[in-house]
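Subject: Structure for your review

Dear colleague,

I am passing on the structure below, together with my notes on what was found in it. Please read the notes beside the sequence and the coordinates.

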Amino acid sequence: MSTTMTTTNQNETKNQNDHGRLSQYQNENNQQARSTYQPRFDIWEGDDELILYGDLPGVERDDLDIQFENRQLTIHGKVSCCHDGEGYLYSEYGVGDFQRTFMIGEAINSEAISAELHDGVLTLHLPKSDHAKPRRIEVKAN
């Protein structure tokens with residue numbers, strides 16, 4: 001059993017620019033549309049669970065979609081545009097959606113995964129299956 005987590009979009013990482021942007025696409029009118037960024041995550045492992053902390057600035061709870069299927073955890077956050085681009089002299093902050101995918105080891109109880117979003121920080125709790133938790137082995141003597 002493994003609690004190992006890997007990111008599945010390693011090829012996408014190579015395609016990121018300096019701002020962490022994964023992609024930028026055009027809408028049906030061939031105009032530049034939204035970008036998608038790969039958010040950074042910290043992963044903490046305890047005896048009972050893995051906890052992921054990721055920054056998703058501008059994402060509201062209702063615009064966050066988290067899917068788990070075939071050991072793949074996908075996080076997609078949609079950001080509403082906060083300006084129309086008019087009147088800006090200079091802009092360094094790119095606005096776009098966030099997406100990240102992880103492969104989860106088989107020792108995670110997928111039925112009990114939970115998530116919280118507070119002030120743009122997503123916290124995901126991935127509880128370990130009982131058989132993957134550390135335990136003390138009883139020693140028998142004659």
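**What was found**

Of the 142 residues in the protein chain, 31% count as buried, where buried means under 20% relative accessible area, exposed means over 50%, and partly exposed lies in between, with a 1.4 Å probe and protein chains only as cover. This is a predicted model, in which local features need a pLDDT of at least 70 and side-chain atom pairs count only at pLDDT 80 or more, while totals for chains, interfaces and linings use all residues. Residues are numbered from 1 along each chain as its sequence is written, and side-chain values use heavy atoms, with hydrogens and water left out.

The average pLDDT, which is the predictor's confidence in each residue from 0 to 100, is 82 for the protein chain, and 75% of the residues score at least 70. Over residues 10–14 the pLDDT falls below 50, and this stretch has 2 contacts in the model beyond near neighbours in sequence, a contact being heavy atoms within 4.5 Å.

The protein chain holds 1 helix and 10 strands, which are DSSP runs numbered from the N terminus (helices H or I, at least four residues; strands E, at least two). From the N terminus on, the order of the elements is β-α-β-β-β-β-β-β-β-β-β. Among contacts between residues at least 6 apart in sequence, 55% join residues at least 24 apart.

On β10 (residues 121–127), β5 has an antiparallel partner over 7 bridges, with Gly54 standing opposite Leu122. Strand β9 (residues 114–118) also pairs with β10 in the antiparallel sense, over 5 bridges, and there the bridge partner of Ser114 is His125. The hairpin of β9 and β10 has 2 residues between the strands, and in it Asp119 takes a positive phi near 50°.

As for burial, 6 of the 7 residues of β10 are buried, so that the strand is mostly covered. In the segment after β10 lies Ser129, which counts as buried because its relative accessibility is 12%. Leaving aside neighbours within four places in sequence, Ser129 is in contact with Glu106, Ala107, Ile108 and Asn109.

On the surface, Trp44, Tyr53 and Val121 form a nonpolar patch with about 280 Å² of accessible area together. Trp44 itself, placed in strand β4, counts as partly exposed because its relative accessibility is 45%. Accessible areas come from the Shrake-Rupley method with a 1.4 Å probe, and for residues only the protein chains shown count as cover.

With best regards

Definitions and conventions:
Two strands pair if DSSP finds at least two bridges between them. Patches are made of residues with over 30% relative accessible area and no salt bridge: like charges are joined within 9 Å, nonpolar side chains (Val, Leu, Ile, Met, Phe, Trp, Tyr) within 5 Å. A salt bridge is a side-chain nitrogen of Lys or Arg within 4 Å of a carboxyl oxygen of Asp or Glu.
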